[in-house]
Amino acid sequence: SNAVGPVTATYSYYVTQTLKPRFVSNLDNRLILSNIYEGTDYAPWRVMWSDAGDMTTVRALSYRDLLDDDVSPISGVAYSGEFLILYRHDSVVKMRTIGGDSIFGFFTVWQYGTFASRSILSWNNMNFFLGKDDVYRFDGNQFSSIATERVRNRIFERLNKDQLLQCMASYDDQYKEYWLWIVTESNTYPTEVYVYSLQYNTWTMFEFAQTTAVGSYFVNSSLTYDELVRTFDQQNWRFRDGTLQGTIRVPIFALSAGDVYCMDYRLVEDYVADIVTGK
């Protein structure tokens, strides 16, 4: 007989669940999600991770709720060496690959945190951030204040505590500076910048128009007449043209008024080029 018996097939059904993390990072070739909305549930202390080398698959058991030491939400993420640093309102946790069934290990290293998540800056395996009562540096092992008494008092006297989430940090690549942007009273976005020199351990303060974000823009180093070849008509450059793609990164500022500017030190003036309109 050529009759064929019944064929049995086993199916595995997966329910797609939308994850809405506040912070997304990576560690050990896995996508790391933290402070998460999952459906209608909110777990601000939860850390989830994807399969190795697969950013689209996050399994139901691939998570850790950081509830051992406190229940405050995760407020920021940064890197320090082999660790992913999870900043919370009331503590700081180091996350590291340990392998095995657990995959990651979590170690609380400070019972003190930060509300100003955008003030966190990673540089050379160190973190800089605005804490609850000071400006701190974390070198992977210990936390230390970097502000003088005068700078610290000035910051917290001027700080609009209702707009802590708008305070932010930026990095000046040319002069190796940590820029701490502070929202002052009656403002919604930062207008005062406290600049800490990583090379000289000194502070400077500047005032800007209300600024919503800061980034980096690549420019070419300036040319000298001796570097030009052939005739002026054959040169592909213009006087005062300081915003060409190159190797030097200069700050760009997004103002709340709607304009975007770059600061070019070679022209010895601020706000020299309107990136959006080309002015």
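Q: Before we look at any strands, what does it take for two of them to pair?
A: Two strands pair if DSSP finds at least two bridges between them. Keep in mind that we're looking at a predicted model.

Q: Great. How many bridges join E5 to E6 here?
A: Six bridges join them, and the two strands run antiparallel. E6 covers residues 83-88. Within that pairing, Tyr79 stands opposite Leu84 of E6.

Q: Which sheet has E5 and E6 in its order?
A: An open sheet of four strands, ordered E5-E6-E7-E8 with antiparallel pairing. Its edge strands are E5 (74-80) and E8 (103-110), each pairing on one side only. From one strand to the next, the twist averages 25°.

Q: Switching topic: is Arg30 buried or exposed?
A: Arg30 is buried, yet it has no salt bridge. The nearest side chain of opposite charge is Asp28, 4.6 Å away. A salt bridge needs the charged atoms within 4 Å.

Q: Where is Arg30 found, and what is it in contact with?
A: Arg30 is found in strand E2, residues 30-38. Leaving aside neighbours within four places in sequence, its contacts include Trp49, Asp51, Ile103 and Phe104.

Q: Okay, how many residues are in the largest nonpolar core?
A: It has 24 residues, and among those with the most contacts inside it are Leu130, Val135, Ile155 and Trp203. Elements giving two or more residues to this core include helix H1 (149-158), strand E10 (126-130) and strand E14 (177-182). Apart from it lies another core, of 14 residues, among them Phe23, Val47, Ile74 and Leu84.

Q: What does Leu130 touch, skipping its neighbours within four places in sequence?
A: Leu130 is in contact with Val135, Ile155, Phe156, Leu164 and Tyr178, among others.

Q: Now E15. Why is it largely enclosed by the rest of the structure?
A: Because six of the six residues of E15 are buried. Glu192, Tyr194 and Tyr196 point one way, while Val193, Val195 and Ser197 point the other way.

Q: Why would side chains alternate like that?
A: In a regular strand, the side chains alternate between the two faces of the sheet.

Q: How many bridges join E15 to E14, and how many to E16?
A: Six bridges join E14 to E15, running antiparallel, and Trp179 stands opposite Val195 in E15. Five bridges join E15 to E16 (residues 203-207), also antiparallel. There, the bridge partner of Glu192 is Glu207.

Q: And what lies between E15 and E16?
A: Five residues, and the two strands form a hairpin. In the turn, Asn201 has a positive phi of about 55°.

Note on methods:
Residues numbered from 1 in each chain as written. Predicted model: local features only at pLDDT ≥ 70, side-chain atom pairs only at ≥ 80, totals over all residues. Heavy atoms only, no water. Axes fitted to C-alpha atoms, helices over the stretch in contact; angles between N-to-C directions. Buried < 20%, exposed > 50% of the residue type's maximum accessible area, 1.4 Å probe, protein only. Lys, Arg positive; Asp, Glu negative; His and termini not counted. Contact = heavy atoms within 4.5 Å. Core = buried A, V, L, I, M, F, W, Y, C linked by side-chain atoms within 4.5 Å.
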